[in-house]
Amino acid sequence: MSTANSAPERQSERHGRGASRLVAILANQQMVLVVVLIVLVAFFWSRNHLFISSSEIGNLLTDFSGLALLSVGEMYVIVSGGIDLSVGSAVAVSGILGAFAMQDMLNAHYPQVVVLLVGTVICALVGATVGAINALMITKARLAPFVATLVMLSAGAGLALVFTGGAPVGLDSTAIIFSASGVGPFSYPAIIIIVMVAILGLYLHASRYGRYTFAIGSNSFAARAAGINVQRHVASIYVLSGALAGLTGMFFYLRLGSGAPTSGQDAELTAIAAVVIGGSSLFGGSGRMSGTVLGAFVLTVVTDGLIFINIQPTWNQVVVGAFIFFAAALQALRLSSGGLARLLRPASTSEESTGGR
Amino acid sequence: MADERVPALEVRGINKYYGGVHALSDVSFRAYAGEIVGLVGDNGAGKSTLIKVISGAHEPDTGEIYVDGQRHHWRSPLEAIEAGIETLYQDSGLAPDLTIGSNVFLGREKMRRGLLGRLGFVDQRAMEREALEDLKKVGISVPLSKRTVAELSGGQRQAVAIGRAISWARKVILLDEPTNNLGARQAIEVLDVMRSAREQGLAVIFISHTLPHVLEVTDRIVVMRLGRVVRDAPTSGFTAENLLATITGLDELRPPPTPTA
C-alpha cells in the first residue's frame, strides 16, 4: 500500500480487483432484482395480457407506494441494527383512530380537504406514539428491539380489535375517489409517497442523521466513542418508523375509505422482506434505499400478479417466503464469494502493511 | 529538565475508589507537548482507570486535571474531546461498514454549504478527500481502491483509527494498547505514526504491555503498580530488566545475597 511498492503488489491489486468485479456482478442484489422483476412481469403478462394495462399499472404503482413507505421506515430501523415488528399494528391503530376523528369531522361538515389533512396529521401522530413507546422500551427499559416491538405488534393488533369490535370504521367515498385519481398511471397518494420515499432515501444516504444511523448499526460502541448520542438517535428512528407506519395507515384509509382493523396485517413481514430482499443486512450497518424500493416493487408485482393469474391470494405469503429465502441465499453467496476472493488473492496482499510513510 | 514549560497535560493527586477498592491513589504525572510518555503496569495497576479518568469516561473522586495549565473538570468524554484530548480505546474501533472518510469525520461531519447543509446533508466528497490528507500528514497512506473500513486489513484499520485520533487531537492523545493484535511490521508502523504525532507537537500517552515497544518509542516512562505511580523517569534510565522489575515490584525486594567468591 505504500507508494514505493513494486510490481508484485500491483499485480496482486489487479488480481483482487478482477475477483471483486466478478463478485460484484454475481452478487449485486439490485441487478439480480431487476432481472427477477423483468422475468416476473413477462411471466404474468404471458398468462394474462391485461397485466400490462394502464389500469393495472396504476393499481400496481399505488399498491407499491403503500409498501414502499412502510419499508423505508423499516429500513432506517434495520440499518441502525434494530427491527420493528410493530409497523403493521401501527398501520391498523393509526388508520382506525384517524378514521374515528375523520368521521366526526365529516359529520360536523368540515370541508373534505381539511378532514383529510387533519386525518393525515392524526395518523402520523398516532404512529409516532407507537414508535415512541417502542423507543422507551428499547432505550429506557433496555428491552431488545425484537421483544419491545413484538409487544407493540401484539398490543396494537389487540387494540385495533378493541377499538372497532372487528368492523371497519366509516365509509368515506371522497377518500376512495382521491386515491383513485391522479396524473397518468400515478394516483395522488402514489405521487406523494414516491416523493417522500425519494427524500427519505436521499436523507438516509447523504445526511448526518443517515450517517449516524449507519454508524450505530455498524458499531454502536465506536459511534458512542465518537460523541454520538446513540440512545437518543435510536429512539428517534423508532419514532420515525412509527410515524411512517401511521402515514401508511392513512394511505390504507384512502384506499378503502375506512379504517379497518385488518389493514396492515402481516405488513411488518412484507416490509422486512422488502428490506432484506433489497440487500440490507439484518445485522445493521449496510444497505441501499434503491434496493429496498426495488424489493418493495418486486413483492408488489408478485402479490398483484398472483391475483391476476387467479392463484389463491393465500399463496402470497408462501411466495414471499421463497423470495426471502433466495435473497438470504444471495447474501450468503456474496459473503462467501467475498471470502473466496480473499482466498484467491496472493498472500502478499493479505499481509498488507499498516501504512508506512 | 523541561520543568519550566507548561505541561500539555498534568494530573495531580487523582484518587478513584470503586466501592472499597482504591483503584487510583494520589496519581500525579505530566506530559509535555512533543513527548511520548509510556504508561506501563501490570494488569490491575490502574492504567485503564487512569485513562478513563483523563478521557472523561469516569470522574475522579479527588484530584485535578490541567490541560496547558488550565484546570478542567469534565463529566463526559465529549468535554475532554473539546479540551483537545483524543482517546483511542483498546476496543472502540471504527464502523466497518462506513467509508474511511465517514469514519475519520464520525461525530464531526463536514456539512454541505448553504441550505442543504442546514437541512443536515453532509459533504461526503470533501470528507473523503480531507480524511486521506489528514491521514497522510501523520504518515498513513490508505489504498484509494478500498471504500469501506471493512475492506482494510487489521493493521490498516488500526492505522486509520490512530490517524483519526491524531488528526483530531489538538493537545493530547491517549493510545490504549494500539499495537495489540498487530503483526510485527504493522506494530512498527504504528510506532512511526506515534513519532510523527510527537513531531507535530502533541503529547502522546502510550499504554502498552509490549515493553520493547515502550522502550523503543517513548521519551519517558511512568510505571504504575497497585493504583500508584511508582516510578516516573526518562526512558534512557530503563533497561528491559529493570523496567520489568519495577512493574512487578521485584525492585523493592531486597536483592538476593550474592554468593561470595
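I am working from a predicted model.

**Entry 1: the open sheet of chain B**

I traced the strand order first. Chain B has an open sheet of 6 strands, ordered 6-7-8-3-9-10. The pairing is mixed. I then looked for the edges. Strand 6 (85-88) and strand 10 (228-234) of chain B each have a single partner strand, so one side of each has no neighbour in the sheet.

**Entry 2**

I picked strand 7 (residues 172-176) and strand 8 (residues 203-207) of chain B. They run parallel and are joined by 5 bridges. Which residue of strand 8 is the bridge partner of L174(B)? I found I205(B) there.

**Entry 2: helices on the sheet**

Helix 1 (residues 47-54) of chain B lies across strand 3 (35-41), strand 6, strand 7, strand 8 and strand 9 (220-225) of the chain. Helix 1 runs at about 145° to strand 7 of chain B. Helix 9 (residues 240-248) of chain B also packs on the sheet. Its contacts are with strand 3, strand 9 and strand 10 of chain B. The direction of helix 9 makes about 30° with that of strand 9.

**Entry 3: strand 1 of chain B and its partners**

I moved to strand 1 (residues 9-18) of chain B. Strand 4 (residues 62-67) of chain B pairs with strand 1 in the antiparallel sense, through 5 bridges. V11(B) of the chain faces I65(B) in strand 4, the two standing opposite each other. Strand 2 (residues 21-31) of chain B is also antiparallel to strand 1, over 7 bridges. Here E10(B) has R30(B) in strand 2 as its bridge partner. I then looked at the turn. Strands 1 and 2 of chain B form a hairpin with 2 residues between them. G19(B) sits in that turn, with a positive phi of about 60°.

Most residues other than glycine have a negative phi. Phi of H109(A) is near 60°. H109(A) lies in the loop between helix 4 (87-107) and helix 5 (112-139) of chain A. Is H109(A) buried or exposed? It counts as exposed, because it has 7 C-beta neighbours inside 10 Å, and the cut-off for exposed is 12 or fewer.

N310(A) also has a phi near 60°. I placed N310(A) in the loop between helix 13 (289-308) and helix 14 (316-344) of chain A. With 8 C-beta neighbours inside 10 Å, N310(A) counts as exposed.

Key. Residues numbered from 1 in each chain as written. Chains lettered and ligands numbered in written order. Predicted model: local features only at pLDDT ≥ 70, side-chain atom pairs only at ≥ 80, totals over all residues. Pairing = 2+ DSSP bridges. Helix = DSSP H or I, 4+ residues; strand = E, 2+ residues; numbered from the N terminus. Contact = placed C-beta atoms within 7 Å. Axes fitted to C-alpha atoms, helices over the stretch in contact; angles between N-to-C directions. Buried ≥ 20, exposed ≤ 12 C-beta atoms within 10 Å, placed from the backbone.
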